[in-house]
Every structure is written in structure tokens, then in C-alpha cells.
Amino acid sequence: MTDKLIIFDTTLRDGEQSPGASMTRDEKLRIARQLERLKVDVIEAGFAASSNGDFEAVKSIADAIRESSICSLARANDRDISRAAEALRGAAHPRIHTFIATSALHMEKKLRMTPDEVFEQSKLSVRFARNLVADVEFSPEDGYRSDVDFLCRVLEAVIKEGATIINVPDTVGYAVPELYGNFIKTLRERIPNSDKAIWSVHCHNDLGMAVANSLAGVKIGGARQVECTINGLGERAGNCSLEEIVMAVKTRRDYFGLDLNIDTKHILATSRMVSQTTGFVVQPNKAVVGANAFAHASGIHQDGVLKARDTYEIMRAEDVGWSNNKIVLGKLSGRNAFKQRLQDLGVALESEADVNAAFARFKELADRKSDIFDEDILALVSDESVAKDNEQYAFVSLSQHSETGERPHASVVFTVEGREVRGDSDGNGPVDASLKAIESHVNSGAEMVLYAVTAISGSTESQGEVTVRLQNSGRVVNGVGADPDIVVASAKAYLSALNKLQSKADRVAAQG
Ligand code: KIV
Ligand code: ZN
């Protein structure tokens, strides 16, 4: 006998709260479609009341996604909850997730509310939300550090009001597995109506234990929903990572005895999409999705794997979307082969026009690079520098000159609202000169807080993927660009970051 573990993905809400990871509405929609392909049960699409931009993102995801439940976060007040319900109106399966802090520290110092006021507010909010949608999740923020008697009182009351899911966040990543698992168990045992709700875990990774804590919440505590993010994206050290928790439960089904809906072969494509959209690079030794996750470097391991794969492999790389056949396409490959490869990689482009545009970029790349790898294709389809209708800046061309002993010089041609301009500058190196050339026109005044280059498929022949993080007036954004020429990739990344700086509205922080 097994039962099911619900996977609740909060990449687009808690993940997006990570400084620099904020996404546009279209980016969120694209990731939501990919999450639906991955078959996550619940997508937390955003925090509708936090800004008009987030409201629109939640709304467009709710209107587009039919299979997964769509959830919006809402503080425990009528305005937030009404905004969430409004954004979710078109959803096939809407869920409102309302929260209020219950730890003594948060109630006193942050909310300046008494425990009795928090108790009343919790009840009223769940009652209000239940009049708007049938599926209501309640989270006592900083729940793990809350007084257990008080927490039992609040949770019993909100279940009575009709909360369908009770989520117990370890908001600050303070828990350790055994204690967290037992905490959930105690709550379920002590609350008389605990069987009327599904219990959920939500762990942050400050001590590197978010996945372990979540698993303990499931195994010891009996939780049947896990809240997680792709690549463990999230504030500070991030959240519980979806790919790790899913593969742990799947690989050790003998131990957990739980079933999942997730279609694991889409994991890698989803990880790449989130990384390329946010600019948060995945470390090579990251479990499941890191470049080295299935690479056997030592002679002894390679020998063992060649004789029998299960000597050193506990999961099959193909099961999470890594392909055996790494060199996939070249200059002579046709549109059908390209389209088939996109399908194999789990990438579904929205329209035939999008396929044609991606194929044109593929041909252009194949002219410059003989072997096209899966990673190149994934970078190509999520290339942010491609001119989009509503974007201010788009890359056109670049030339630069650098020579030992001379100061490099660059000219960059790009469009500003469709009009072509050219910037010229010198700089410490060709990248510096190129970005200064752009800045000579734009005058954004933004401060660069991160610049990183990685080789997409691991050799000097590969495309370089550049991440640029800019900060301006308290806002932090990431831009990503890919090209075989890393100076061009840098210019593309810089323009992409400038576009994001232009389009971001201020928002209310969920934990604010
Ligand atoms: O970590 C946390 O407490 C949260 C809540 C808003 C659920 O993200
Ligand atoms: Zn959180």
C-alpha cells in the first residue's frame, strides 16, 4: 500500500523572492508551462497583492494552466485574499495560500500583535478565503519556532474554519531533521481535527538541511505535501530543492513508500530554464542537475560503470532528462530533426512561429559551431537577448579590438525602442569596453554586482553563458546572454539586465 506525495512548487513565489531572481510575467508563464509539463501538483504562481506585475503574472498563469492547481500567496487580511481570488478567477484548480506569523518573536517585533489578535486574524482569514475558493492553505510563518501550545490552538481553529492544507514553515532554516519530523508528528497527534487537513512541509536551507528536514517531515511527521523550488532557488540559502526531494522519494521508494505525479524526464530542462531565466547558475556538483551529477571521473568508477552501471549509479541520467547522445545536431540538420530534439528535451515552444525563430537561431549558431549540444539548444530557446515586442533594448552587432599592450576598444550596435544606435568605448578589457559602450548611450547608472561566465558544454568550442547582475535604486536584476563569443554574450546579458531594470515594479515582500 502506498500513498501520494503532493509536490507544491514555489519557484515563482518563494524562489522569486531571492534578490535578483525576479521574473517578468512572460518568463513566469513560460516556467509555469514547463512546471505543468513536469506534472507538479501545485504551482504557487506568485503573491498577487504584492504588485500589479505579480497580480498579472498570477492571473495569466491561472488562465493558461489547466492540469496543476494554481496558488497565490496572501497575507492574512481581506485585501490580500480578495486580490488573490481575483487573480485566480480563471484557474481550473485555484488555491489561496494565506499566512501569518505565529512565533513570539515575529508576533511581537514584526507584526506588533498579541497572540490573541493573531489567533483571531488567522480564523477570520481562512473563513474569508473559504468563501472565495474551496482549496485554502494556511501557513503559520516561522511555525517551527512557535510555541507548540499556541500553534496547536491556531491550527485547530483554522482547520475548523475549513483550511484544507496546513503548511508548517521552517522560515529561517533552523530545524534539524529528527526534531522537525517530530514537531509535525506532535502537531498531528495533539490537534483533534488534524485528520481533516493535508499536512505540508516548507523548509529553508540556511543550514543546508532543507531537503533532509522535508523528508523527515514526510517520513516521521506524516506530511503529504512538500513545498520546494527548482534548483533550490530561494531567499538566502534557498528552499528545499524539487529535483532532490523528488529523486530521493523516487529512488528510495523502498523506504518512503510514496508515489509521485512528477514526470522526471523533464527535470533537467526545467532546471536549465530556471537557471537561464534567473541567472542563478547551477553548481557543477549539484545533485541531479549539476553538470557532474552523472560524470564518473575516477578510473575505478569508470571501469565499474562500464561493467555494470549500478556499481556506482543509483539513478539513470536519462530518467531526469540527461541524454546519452550528447552531440545532437549540426549544420546539416533540418527543421524536423531540430523540432524532434526540442521535444526530446521536453521543450514545447508556444507556436510554429516560435519554432521557426528558434530554428533560424540554431542555423546561425551551427554556421559558427560544428557540434550543437543539448545545452546549446536549451540556451538557444531561452535566449533572453532576442528582441521582444515590449522590450526597450535589443542586441544587433558588436566589434571590438584588443591587442597586448593596447587599451581595448569596442563598438556595440543595439536598438532602443526599435531605433538602432551605436555606442563606442574603451575599457580595461574587451568585455569592459563593450559594456561601457552600451552604457555610454543608456546612462542607467546601475551598479554591477555580479559578472559570471560559464562554458555551456564544457569546452572552448562551446557557447559562453554570461550572467550580469545589476542593482539600481534598491532593485536587483539578473540578465543572461549566450553566444560562442563571450564578449557578445556579455553585451547580450547586459542589455537583458537593463530591460529587466526598466520593467520591474516595486513589490511588497512576503516576509515583510
Ligand atoms: O518561509 C515561509 O515562512 C514562507 C511562508 C510565507 C509560507 O515562505
Ligand atoms: Zn519560505
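How many nonpolar, polar and charged residues make up the shell around ligand 1? In this predicted model, the shell has 2 nonpolar, 6 polar and 3 charged residues. There are 11 residues around the ligand, and those that come nearest are R13, D14, T171, H202 and H204.

Three of these neighbours can be followed down to individual atoms. The side chain of T171 places a polar atom 2.6 Å from an oxygen atom of ligand 1. For H202, a polar side-chain atom lies 3.1 Å from an oxygen atom of the ligand, and an N or O atom in the side chain of D14 is likewise 3.1 Å from a ligand oxygen. Ligand 1 taken alone exposes 260 Å², and the protein buries 100% of that area. Turning to secondary structure, the elements that contribute two or more residues to the shell are the helix α1 (11-15) and the strands β5 (94-101) and β6 (135-141).

On the scale of the whole chain, the division is into domain 1 (6-250), domain 2 (323-386) and domain 3 (390-502). The centres of domain 2 and domain 3, taken over C-alpha atoms, are separated by 23 Å. Contact between these two domains involves 12 residues from domain 2 and 17 residues from domain 3. It is handy to recall that the size of an interface is often given as the accessible area lost when the parts come together.

Notes. Residues are numbered from 1 along each chain as its sequence is written. Chains are lettered from A and ligands numbered from 1 in the order in which they are written. This is a predicted model: local features need pLDDT of at least 70, side-chain atom pairs count only at pLDDT 80 or more; totals for chains, interfaces and linings use all residues. Side-chain values use heavy atoms; hydrogens and water are left out. A residue is near a molecule or strand if one of its heavy atoms lies within 4 Å of it. A polar contact is a pair of N or O atoms within 3.5 Å; within protein, one must be able to donate a hydrogen and the other to accept it, and residues adjacent in sequence count only if both atoms are side-chain atoms. Accessible areas come from the Shrake-Rupley method with a 1.4 Å probe; for residues, only the protein chains shown count as cover. Helices (H or I, at least four residues) and strands (E, at least two) are DSSP runs, numbered from the N terminus. Ala, Val, Leu, Ile, Met, Phe, Trp, Tyr, Cys and Pro count as nonpolar, Asp, Glu, Lys and Arg as charged, and the others, Gly among them, as polar. Domain bounds come from an automatic or database domain assignment. Contact means heavy atoms within 4.5 Å.
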